[in-house]
Amino acid sequence: MGPQPELRILITRDEIAAAVSRLVAEVKRDYQGKFPLLLGILKGSFMFMADLIRQLDFPLEVDFVRLSSYGSKKESSGRIKIVQGLYSEVKGRDVLVVEDIVDTGLTVSFFMDYLRKKKPASLKLCALTDKPSRRQVPVAIDYLGFTVPNRFLVGYGLDLNDRFRNLPDICVLEDEG
Ligand code: IMP
């Protein structure tokens, strides 16, 4: 346990819940009756995925992959590898990737390219948050919760060195050290 940094709530749990409900309505409209495969990127997306699928009351599949980026925790190096993957058949499926945050875009863009080669019937991206100010490669986000400022965020699945994922609100780390 390091020192307790200062946290300021940026997006409250109620605002998150409202955004999830809005996204559910959009996803439902597009995927109901299609038996989609929702693919979460670990670890950050687990809470968002759980909230999302609890409201999606039609048949679907859920799977997760774990990707790792070389380099320091707060910076994506762009060299991504799949650490734990993908056991589901992607070919011919309607695949919806579920991500916590799109920052530089390197992680998700790598993963979308990787999936595209496996010939899904369709491939879309649902992201809870988007930090467009840091983008290095273009990323099309089909379903978006929030556009966020260029600050390091924790909570609701988002972490710093694996801490703070359990916070129910999305917070800004004021003391970034
Ligand atoms: P990208 O490749 O730069 O888009 O980074 C995506 C990944 O970096 C996310 O899945 C997060 O794991 C991590 N990340 C980026 N920004 C933040 C943040 O503000 N808080 C926590 N994790 C972040």
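1. Helices and strands here are DSSP runs, numbered from the N terminus. On that scheme, Lys-43 sits in the loop between β2 (37–42) and α2. Keep in mind as you read that this is a predicted model.

2. The peptide bond between Leu-42 and Lys-43 is cis, with omega at about -5 degrees. For background, most peptide bonds are trans.

3. On to the ligand. Its surroundings come to 16 residues, and Thr-104, Gly-105, Thr-107, Lys-131 and Leu-153 are the closest. Sorted by class, the shell has 6 nonpolar, 4 polar and 6 charged residues.

4. Asp-103 takes part through its backbone, where an N or O atom lies 2.9 Å from an oxygen atom of the ligand. On its own the ligand would expose 490 Å², and the protein buries 88% of that.

5. Which elements give two or more residues to the shell around the ligand? They are β5 (94–102) and α3 (106–116). Of the elements, β5 gives the most, with 4 residues.

6. Now the packing. The largest nonpolar core has 28 residues, and Phe-48, Leu-52 and Ile-170 have the most contacts inside it. At least two residues each come from α1 (13–31), α2 (46–54), β5, β6 (122–130), β7 (143–147) and β9 (170–173). The top contributor is α1, with 7 residues. Leu-52 is a handy place to start looking. Setting aside neighbours within four places in sequence, Leu-52 is in contact with Val-20, Leu-23, Val-24, Val-98 and Cys-126. There is also a second, separate core of 19 residues, with Leu-37, Leu-86, Val-97 and Ala-127 among them.

7. Most residues other than glycine have a negative phi. Tyr-156 has a positive phi of about 50 degrees, and Asp-162 has one of about 70 degrees. Tyr-156 lies in the loop between β8 (153–154) and β9, and Asp-162 is found in the loop between β8 and β9 as well.

8. Are these two buried or partly exposed? Tyr-156 has a relative accessible area of 5%, so it counts as buried, the cut-off being under 20%. Asp-162, at 45% relative accessibility, is partly exposed.

Key. Residues numbered from 1 in each chain as written. Predicted model: local features only at pLDDT ≥ 70, side-chain atom pairs only at ≥ 80, totals over all residues. Heavy atoms only, no water. Near = heavy atom within 4 Å. Polar contact = N/O pair within 3.5 Å; in protein donor to acceptor, adjacent residues only side chain to side chain. Areas by Shrake-Rupley, 256 points an atom, 1.4 Å probe, with all protein chains shown as cover. Nonpolar A, V, L, I, M, F, W, Y, C, P; charged D, E, K, R; others polar. Core = buried A, V, L, I, M, F, W, Y, C linked by side-chain atoms within 4.5 Å. Buried < 20%, exposed > 50% of the residue type's maximum accessible area, 1.4 Å probe, protein only. Contact = heavy atoms within 4.5 Å.
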